[in-house]
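I opened this notebook to record what I looked up about the ligand and its surroundings.

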Amino acid sequence: MIRCVSCGAEYDDDEVIYTCEKCGSVLELVSDIDVSKDIFDGRKDTLWKFKECIPVDESKIVSLDEGGTPFCKCDKLGSELGVNLYVKVEGSNPTGSFKDRGMTVGMTKAMELGVSTVGCASTGNTSASLAAYAARAGLRCIVFLPSGKVALGKLAQAMFHGAEVMSINGNFDEALEAMTALALEKHLYLLNSINPYRLEGQKTIGYEILRDLGWQAPDRIILPVGNAGNISAIWKGVSEFYNAGFVKDLPMMTGIQAEGACPVTNAFRKGDRRVVPVENPETIATAIRIGAPVSDIKALNAIYDSNGYSETVTDEEILDAQKLLARTEGIGVEPASAASIAGLKKLVDQGVIDKGETITCVVTGHLLKDPNTAIDACTKPTEVDADIDTLRKILMNK
Ligand code: F0G
């Protein structure tokens, strides 16, 4: 069953519907977990090991073996900050971001519904993922990207997998509005995170974090927030496993935004449950350059219901954190993902996070998604001839 998160109106699973027909709010799938967690043991470690908890037709699955991502204990960075730190590395998914979890489920639903065309607006990663899964499913794929504001790796992926890519003169919020209007006219099946099936895939990040910690909840999950789907999905996942009795506690959901694109943090600071859109959002973390997040209600509910928090970080703090994670722990992430690490650092400094807390930072996309920003942050390699004497001299001088 699909249910409206605001007025509780109910819809059939097979209705192609993105927002509530009665009140216009966002929708979610209602699923009861009536299995034992032991059934997951011994299965291949992909998202579909949790198939009993994902309400789609198993015979229609479109998968690239997404999920089962690394859960790295980061002792060096953790001890520097005085916390017990784990990093969930979502850049290890097939197309290099967590979007693959949402897309495998969304595309499976698309096959169940028998649609022929899928579409999304994207800051980059959603389009890269959709293009790959549409290719695998054999469906036509249309994507709208904000012109000039999509990192190179993501653009290459969307084009190379054969999507019909349109560069929209406008920002992500405007591109999404146009794409949604076309979906409502039934030209295509919308696979942005307003589609509740997307979040049914992404909630497995929450499942896996609990499982990775030996069926315990961390004190806190920290992640970047853009369109606000992922924080909502992870909260849904951990809540489902908590309600099923698989763990005894729930984590505090902590959403980090870029200072130039922070409608959710603004709402949190005022204690509001809806955002006031930010006009002309701007940040180097183009993945989260979003002013009017569609899942704001769900995200703010997640933060308040979990006794969580929301904070902003500057572009400079994001780039510093990106480098810190890469150089102290060997984990390469794109700028938006580094917002979680930057946020962790800031909240430790502010005393919001207590020393000794067990923290999971979700890093959402791979370093190579945005190669230009990575290269710009480094000094150019020295050009030298392959002459041993010269090379030896250089090495000894360092
Ligand atoms: N991190 C990365 C790397 C992302 O690509 C996104 C969103 C987020 C974090 C934020 O997640 O939107 O669920 O709050 N990217 C979308 C896209 C908007 O089009 O690829 P969110």
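Entry 1, the shell. I sorted the residues around the ligand by class and found 8 nonpolar, 10 polar and 2 charged residues. I note that the model is a predicted one. I then looked up which of the 20 residues around the ligand come nearest; they are Ser122, Gly226, Asn227, Ala228 and Thr364. Next I turned to the helices: α3 (125–137) supplies at least two residues of the shell, and α7 (229–243) likewise supplies at least two.

I looked up distances between oxygen atoms of the ligand and polar backbone atoms. For Asn227, a polar backbone atom is 2.7 Å from an oxygen atom of the ligand. For Ala228, a backbone N or O atom lies 2.8 Å from a ligand oxygen atom. For Thr126, I again found a backbone N or O atom 2.8 Å from an oxygen atom of the ligand. I then checked the cover: the ligand taken alone exposes 470 Å², and the protein buries 99% of that area.

Where does the ligand sit? I found the ligand in the largest cavity.

Entry 4, a sheet. I traced an open sheet of 4 strands, ordered β8-β7-β6-β9, with parallel pairing. At its edges I found β8 (164–168) and β9 (189–190), each of which pairs on one side only. I also looked up how β6 (residues 117–121) meets β7 (residues 140–146): the two strands run parallel and are joined by 5 bridges. For Thr117, I recorded Arg140 as the bridge partner in β7.

Note on methods
Residues numbered from 1 in each chain as written. Predicted model: local features only at pLDDT ≥ 70, side-chain atom pairs only at ≥ 80, totals over all residues. Heavy atoms only, no water. Near = heavy atom within 4 Å. Polar contact = N/O pair within 3.5 Å; in protein donor to acceptor, adjacent residues only side chain to side chain. Areas by Shrake-Rupley, 256 points an atom, 1.4 Å probe, with all protein chains shown as cover. 1 Å grid on protein atoms, 1.4 Å probe; cavity = no way out; pocket = protein on both sides within 12 Å on 5 of 7 lines; lining within 4 Å. Sits in = over half its atoms within 2 Å of the grid points. Nonpolar A, V, L, I, M, F, W, Y, C, P; charged D, E, K, R; others polar. Pairing = 2+ DSSP bridges.
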